[in-house]
Amino acid sequence: MLISFEGIDGCGKSTQIELLKESLKANGLTVHIFREPGGTEISERVRSLLLHDTDEMNPVTELLLFSAARSQLISEKVIPLLEKNEIVILDRFYDSTTAYQGYGRKSVPLKEIKLLNSIASHNRVPDITFYLRIDSGTAAQRTQSSSKDRMERAGNQFFEKVASGFDKISKQEDRFITIDATKASDEIHKVIIEAVKAHL
Ligand code: TYD
């Protein structure tokens, strides 16, 4: 089973992924967690280029690098695990590309992003996508004190576009489960674990 988590920076994905992992573990299930961009040696190197190495990057280059990192992760790690019927959790997947590079940067038309997403993900589609929904103002407050990576430095207007992009995607995709990310963390977890159990 392939599960992805999406939402803007500061939505609380990492906490929920950890809680889900612990619950499934307590039920005797092993889970494999990967973050995007990252998860393989090549993808982690691309991550550094994308997030830490430079401030100047052409938006199309950015789109292609996120996609390149994804292709490597999916082919090298995710597909072999799915073929063994393992549970894989992705901390971001191609919906992030649609939201950040498509709606946020407007790097290329959305239909081209869609094609690139299916190429980079080797046509894999999540069984469930949890979208932790939060407005960009609240998210900005949550990330205020932490040191910012290149994407996070893009500013509030950019994050407003990304947030409204995620909202649009969530209305188009049946696999999306949208959760109010301002709710208490244990309440959010309950919704998530119940949805996962229903899919097992
Ligand atoms: P990360 O530190 O993993 O952030 P978070 O904890 O919020 O997930 O950094 C990933 C950053 O890259 C984040 O700002 C979202 C961005 N991103 C894209 O712009 N496009 C993508 O396709 C992906 C996977 C991430």
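View 1. A nitrogen atom of the ligand lies 2.8 Å from a polar side-chain atom of Q101, a polar contact being a pair of N or O atoms within 3.5 Å. Taken alone, the ligand exposes 550 Å², of which the protein buries 89%; accessible areas come from the Shrake-Rupley method with a 1.4 Å probe. An N or O atom in the side chain of R92 is 2.7 Å from an oxygen atom of the ligand. For R47, a polar side-chain atom lies 3.0 Å from an oxygen atom of the ligand. The model is predicted: local features need pLDDT of at least 70, side-chain atom pairs count only at pLDDT 80 or more, and totals for chains, interfaces and linings use all residues. Residues are numbered from 1 along each chain as its sequence is written, and side-chain values use heavy atoms, with hydrogens and water left out.

**View 2. The shell around the ligand.** The ligand is surrounded by 14 residues, the closest being D9, K13, R92, T97 and Q101; a residue is near the ligand if one of its heavy atoms lies within 4 Å of it. By class, the shell holds seven charged, four nonpolar and three polar residues. Charged residues are Asp, Glu, Lys and Arg; Ala, Val, Leu, Ile, Met, Phe, Trp, Tyr, Cys and Pro count as nonpolar, and the others, Gly among them, as polar. At least two residues of the shell come from each of α2 (41-53), α3 (59-83) and α4 (94-104). The helix that gives the most is α4, with four residues. Helices (H or I, at least four residues) and strands (E, at least two) are DSSP runs, numbered from the N terminus.

**View 3. The loop between β2 and α2.** P37 is placed in the loop between β2 (31-35) and α2. The peptide bond that joins E36 and P37 is cis, with omega about -10 degrees. Most peptide bonds are trans.

**View 4. The loop between α4 and α5.** K106 is found in the loop between α4 and α5 (110-120). Its phi is near 55 degrees, a positive value in a residue other than glycine.

View 5. The chain has eight helices and five strands, and along the sequence they follow the pattern β-α-β-α-α-β-α-α-β-α-α-β-α. Taken along the principal axes, the C-alpha atoms fill a box of roughly 45 × 35 × 30 Å.

How values were computed: A polar contact is a pair of N or O atoms within 3.5 Å; within protein, one must be able to donate a hydrogen and the other to accept it, and residues adjacent in sequence count only if both atoms are side-chain atoms.
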